[in-house]
Amino acid sequence: MSQEVLQELYIRVAKWKSEGINIFAFRFPSSQGMLLLENEISGFNELEIKRNLTVAGAAWIEVKNRRKYSSYDGSHLDEDSAVRFSKYLGHE
């Protein structure tokens with residue numbers, strides 16, 4: 001994770017929010033192995049990113065039951081799960 005890119009994202013979210021644009025953020029469901037890779041190798045700190053995005057003006061959608069969606073490669077949802085997840089996001 002690039003801290004510079006994240007800082008730019010937070011600035012843009014605040015700008016968009018000030019322009020009346022609603023921003024929604026969430027962490028995609030993925031396999032446990034992919035979560036570990038993202039967290040440990042890429043440095044993805046969900047709590048910090050969530051906090052900074054919400055401070056900037058985004059609404060964070062907490063994805064409940066992340067493990068109920070299946071993936072064909074550990075990262076990308078299969079078709080059925082993608083449709084169900086899209087419906088979940090729309091509802092949230």
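Helices, given as H or I in runs of at least four residues, and strands, given as E in runs of at least two, are DSSP runs numbered from the N terminus. On this basis, the elements of the protein follow the order α-β-α-α-β-α from the N terminus on. The model is a predicted one. Its C-alpha trace spans about 40 × 30 × 15 Å along the principal axes.

The packing of two of the helices was examined in detail. Helix α1, formed by residues 3-18, packs with helix α3, formed by residues 46-56, at an angle of about 30 degrees, and their axes lie 8 Å apart. Because angles under 35 degrees count as roughly parallel, α1 is roughly parallel to α3. The crossing in which α1 passes α3 is right-handed. On the side of α1, the contact is made by Gln3, Leu6, Leu9, Tyr10, Val13, Ala14 and Lys17. The residues that α3 contributes to this contact are Glu48, Ile49, Asn52, Leu53 and Ala56. By class, the residues of the contact of α1 with α3 comprise eight nonpolar, two polar and two charged.

The largest pocket of the protein was also characterised. About 260 Å³ of space lies within the largest pocket. The pocket is lined by 17 residues, of which Phe26, Arg27, Phe28, Glu38 and Phe44 are the closest to its centre. Two or more residues of the lining are given by each of α1, β1 (24-25) and α3.

Note on methods. Residues numbered from 1 in each chain as written. Predicted model: local features only at pLDDT ≥ 70, side-chain atom pairs only at ≥ 80, totals over all residues. Heavy atoms only, no water. Axes fitted to C-alpha atoms, helices over the stretch in contact; angles between N-to-C directions. Parallel < 35°, antiparallel > 145°, perpendicular 65-115°, else oblique. Left-handed = near helix turned anticlockwise from the far one by under 90°. Contact = heavy atoms within 4.5 Å. Nonpolar A, V, L, I, M, F, W, Y, C, P; charged D, E, K, R; others polar. 1 Å grid on protein atoms, 1.4 Å probe; cavity = no way out; pocket = protein on both sides within 12 Å on 5 of 7 lines; lining within 4 Å. Points joined across faces, edges and corners; volume = space filled by probe spheres on them.
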